[in-house]
Amino acid sequence: QMRLVESGGGLVQPGGSLRLSCEASGNILNVMAWYHQAAPGAQRDLVAVITLSHRTRYADSVKGRFTISRDNAKNTIYLHMDNLKPEDAGDYYCNAGGTIVPESKPGIFWGQGTRVFVPP
């Protein structure tokens, strides 16, 4: 059974930076990703996805600001977020087991989420 544990959320002022981490235990899966949920009950939108070979894909809204990376030895992925905006606030979820081609789709494994606050 795979378990995903996120950390690193918190309060940051607009223009600031934050790094999220997601440590996976259990199987090592090819595709891992970060999803953003702006409000409880809202849709979870893809932020960034990465494969074991470090192939990446980003949502247009975060290109140039966010960087996804991966340490395969630690089975951990990271999301480095720069120039944060109020619209980036919300819950960030780690996901594993999805696809990256031909399109990015989430897998069945989700973490519990970590919350990011960016005040207006």
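This is a predicted model: local features need pLDDT of at least 70, side-chain atom pairs count only at pLDDT 80 or more; totals for chains, interfaces and linings use all residues.
What do Cys22 and Cys94 form? They form a disulfide, with the sulfur atoms 2.0 Å apart. The structure holds one disulfide, and this is it. The torsion about the S-S bond is about -80 degrees, so the disulfide is left-handed. Now place the two ends. Cys22 sits in strand β3 and Cys94 in strand β9, so the bond ties together parts that are 72 residues apart in sequence.

Strand β3 covers residues 18-25, and Ser21 is in it. Buried or exposed? Ser21 has a relative accessible area of 16%. The cut-off for buried is under 20%. So Ser21 counts as buried, at 16%. Which residues does Ser21 touch, leaving aside those up to four places away in sequence? The list is Val5, Glu6, Ser7, Trp34, Ile77 and Tyr78.

Now β9. This strand runs over residues 90-96, and Gly90 lies in it. Gly90 is buried as well, with a relative accessible area of 11%. Leaving aside residues up to four places away in sequence, Gly90 touches His36, Gln37 and Ala38, and also Thr114, Arg115 and Val116. Gly90 and Ala39 are 51 residues apart along the chain, yet their C-alpha atoms are separated by 6.1 Å.

Step back to the whole chain. How many helices and strands does it have? Zero helices and 11 strands. Read along the sequence, the pattern is β-β-β-β-β-β-β-β-β-β-β.

Next, overall dimensions. The C-alpha trace spans about 40 × 30 × 25 Å along its principal axes. For 120 residues, a compact globule would have a radius of gyration near 14 Å. The protein chain has 13 Å, which agrees. Buried residues make up 46% of the 120.

Then contacts across the sequence. Take contacts between residues at least 6 apart in sequence. Of these, 56% join residues at least 24 apart.

On to empty space. Rolling a probe the size of a water molecule over the atoms shows where empty space is left. Here, the structure holds one cavity of 30 Å³ or more. About 30 Å³ of space lies in the largest cavity.

Which residues line the largest cavity? Val31, Ala33, Tyr35, Leu46 and Val49 are among them. By type, the lining divides into six nonpolar residues, four polar and one charged.

Last topic: the backbone. Most residues other than glycine have a negative phi, and most peptide bonds are trans.

The peptide bond from Val101 to Pro102 is cis, with omega near -5 degrees. Pro102 is in the loop between β9 and β10 (109-110).

Next, His54. It is not a glycine, but its phi is positive, about 70 degrees. Where is His54 found? In the loop between β5 and β6 (56-58). His54 is partly exposed, with a relative accessible area of 44%.

Then Asn75. Its phi is near 50 degrees, again a positive value in a residue other than glycine. Asn75 lies in the loop between β7 (66-71) and β8 (76-81). Buried or exposed? Asn75 is buried, with a relative accessible area of 8%.

To close, back to the bond I opened with. Cys22 and Cys94 form a disulfide. Cys22 brings in β3 and Cys94 brings in β9. If you open the model, start there.

Terms used
Residues are numbered from 1 along each chain as its sequence is written. Side-chain values use heavy atoms; hydrogens and water are left out. Helices (H or I, at least four residues) and strands (E, at least two) are DSSP runs, numbered from the N terminus. Buried means under 20% relative accessible area, exposed over 50%, partly exposed in between (1.4 Å probe, protein chains only). Contact means heavy atoms within 4.5 Å. A disulfide is a pair of cysteine sulfur atoms within 2.5 Å. On a 1 Å grid over the protein atoms alone, a cavity is a set of points where a 1.4 Å probe fits but cannot get out, and a pocket is an open set with protein on both sides within 12 Å along at least five of seven lines; lining residues have an atom within 4 Å of a point. Grid points are joined across faces, edges and corners, and a volume is the space filled by probe spheres set on the points. Ala, Val, Leu, Ile, Met, Phe, Trp, Tyr, Cys and Pro count as nonpolar, Asp, Glu, Lys and Arg as charged, and the others, Gly among them, as polar. The radius of gyration is taken over C-alpha atoms; the globule rule is 2.2 Å times the number of residues to the power 0.38.
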